[in-house]
Amino acid sequence: MVQTHILGYPRIGAARELKKAQEAYWLGEIPQQQLLRVGAEIRRENWQAQSEAGLNFVTVGDFAWYDQVLNHSQMFGVLGQRFVEGAADNTLDQYFRQARGRAPSGQPVAANAMTKWFDTNYHYLVPEFSIDQEFSLDSTWLLDEVREAQSQGYAAKPVVIGPLTYLWLGRGVDNALELLPEILPCYTELFSQLAEQNVDWVQVDEPILGLDLPDEWRNAFDRAYQQIAHAGAGMKLLLATYFSPLRENLPLAFSLPVSGVHIDCVRAPEELQAAVELTDENRVLSAGVLNGRNVWRADLEKWQCILKPLAEQLGERLWLSASCSLLHSPVDLESEVSLPDDQKQKLAYSRQKLQELAQLQQLLCGESTAAGASVEGITQSRSIAERLQDSWRTQRYQERAAVQKKRWQLPLLPTTTIGSFPQTDLLRKVRRQFRSGEISASDYRGHLRAEIAEAIRRQEILGLDVLVHGEAERNDMVEYFGEQLEGFVHTGNGWVQSYGSRCVKPPIIFGDISRPKAMTVEWSSYAQSLTSKPVKGMLTGPVTILNWSFPREDIHRSESCLQIAQALHEEVLDLEAAGIGIIQIDEPALREGVPLRESEHEDYFAWAVACFRYTCSEVKAETQIHTHMCYSNFNAIMEAIVSLDADVITIESSRSDLRLLSAFADRNGDYPNEIGPGVYDIHSPNVPEREELVDRLKKIAEVVPVQRLWVNPDCGLKTRSWAEVGSSLLNMVEAARAVRTEL
Ligand code: GLN
Ligand code: ZN
């Protein structure tokens, strides 16, 4: 009989209990013991859920107080020197110092860097290696959790990040691969301890096998696994890969001395057959058939057809699983009280995916006439880029810029902001009251208008050149549009961990998307009516809305992107018709959707760029299109950014020592359109000094020609207070004026 297991389960708790306990602990509101109890309770519930669903193992080691990669840094004693000074009283606080720079005990310190986990919206803490890095098995947390699960009567399958993936994720040395001989003894020791603890299987995650790996990294796999595979006598290793096809690494994965391999059949259905052929009689194949990153019920009958012959061939050597850890799915659909039944029926969160695995196992055991079938991914019907090209703006940037200069008469180094202004406690309260029905729609609207009027008044006093309405009506840049558009469903409890205690609740693209009515015109026009300065319209771009939602699985994501682009296109034309002549279309998530394999980049960028450009097709040359992206490593996507052909792009740059600007300057010739490199970091409460800003602007002006240079903060200001925003922007405006006089 086929077996079932998962690669990992969400650790936030069904009602985000972990988040609440973490935050309360950090604020000193609850003692550490209480936090520990909440964590133990979540683990107990998670294992119980897996066991009740009838899975053959419970997965252990997927729990983390903050992040699973940091768990490994802690386990292997990877701790930068700066954390040794002012160390905390206990290990958990020390761990939180590494995660977030502060903890109830110990000195504040700069935290580990955080970055995206492969192509997900989860962020991990980057291991910091030093040249003379030593590793030691410092912590027993994994062993302790295995004992904890065993003492509750479960067959525990611990999960660890494999040595090559762990090293790959780190920074601080030129070639982390050189640290491999140093770290392997830790794995050997860990595995022998787990074997002593009567563990049968260990899941070793090596998702980097789905990347375009340099040869030296590929070649290191065999060496590494020869050394660690037999450390635990009688214990077996399941090598887990996910997020991407394995391609050239598929034979490699199956040639390693491991007892099983897990592959992601959602991202690479075409590799299932080849994987079966590579699975010899000493090995297990774990097929990740349920999508661990989405919320839809699986087509179990389809999988029954596909898997039936494989199940007959492999028997209990076929394991069924979700494609990747369920960390990336919400917890339990049962907690969705307000979704209508017909919608709920189509969905499966983590808890339901466990049941689906059990159902599929049943289906495969029973007699059935199901014949074999093959899986196919959904493909694009016709290249979206080709379809849309004809509709793009016809004038080139230079021609548009000439008309725009005439129309707007802006000074050199025009000053602006990225869109949002502080979301005050009062504003949040009013929004809550409106949502709960305590205040009427017209009262709410009146309040938003007052906020907008206040934002305009302040910007006029500050002397900014291009104003914004301040986004008081939005709580979230995707949710707001999702709520206005047809085709999205908003869940009450579809939370997914983004990092640490932070969770996001992506909307679900449930069907075809359309725009029943204008979404932002009222707010922008009202703001414009209050001032003679131009007010910039503010939209979230199609690629970002798509990438921050749960996508459909029945059509290619580019098709949904196009539908969103169509809706935004209508909005852009309505804004233009209402007299809003500068329109910003934010695309901070453009980079997020970039496929892990380079060979797929071209296709992604082709449709992503095409959709963006489609949103502003047909607009007049004199209408100025802005875009915004808030990150600092543009090198990999520079070509795509140039192709977006926005008249102005505002970007983050203040935290990266302006180094990133080189991406804009190093191309053959410079970035051709206008740029607003963020001149100060909005993530910090510090108010930048005027002189500091003058210096920075002058440095920027050495790289970007002043005719094409804008002056702005590096992102929206909604998380700041008005006091900080007022002083910072005043210094920014004065700095721009000071530099102008010297030009
Ligand atoms: N316009 C948005 C804002 O200012 C942009 C946010 C973002 O880039 N993440 O809040
Ligand atoms: Zn931003």
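**View 1. The shell around ligand 1.** By class, six nonpolar, four polar and three charged residues make up this shell. Here Ala, Val, Leu, Ile, Met, Phe, Trp, Tyr, Cys and Pro count as nonpolar, Asp, Glu, Lys and Arg as charged, and the others, Gly among them, as polar. There are 13 residues around the ligand, and I418, G419, S420, P588 and G716 come nearest (near means a C-beta atom, placed from the backbone, within 6 Å). Keep in mind that this is a predicted model: local features need pLDDT of at least 70, side-chain atom pairs count only at pLDDT 80 or more, and totals for chains, interfaces and linings use all residues. Residues are numbered from 1 along each chain as its sequence is written, while chains are lettered from A and ligands numbered from 1 in the order in which they are written.

**View 2. The "binding site" positions from UniProt.** The unreviewed entry puts this feature at I418, G419, S420, E471 and D586. They're spread over 169 residues of sequence yet cluster in space, with a largest C-alpha distance of 12.9 Å. UniProt annotations may be inferred rather than shown by experiment.

**View 3. A look at I418.** I418 sits in the loop between α16 (397-408) and α17 (425-435); helices are DSSP runs (H or I, at least four residues) and strands likewise (E, at least two), numbered from the N terminus. I418 is buried because 28 other C-beta atoms lie within 10 Å (buried takes 20 or more). Leaving out residues up to four places away in sequence, I418 touches H628, T650, N712, P713, C715 and G716 (contact means C-beta atoms within 7 Å).

**View 4. Over to D586.** D586 belongs to strand β17 (residues 582-586). With 25 C-beta neighbours inside 10 Å, D586 is buried too.

Technical notes. A residue is buried if 20 or more other C-beta atoms lie within 10 Å of its own, exposed if 12 or fewer, and partly exposed in between; C-beta atoms are placed from the backbone. Two residues are in contact if their C-beta atoms, placed from the backbone, lie within 7 Å.
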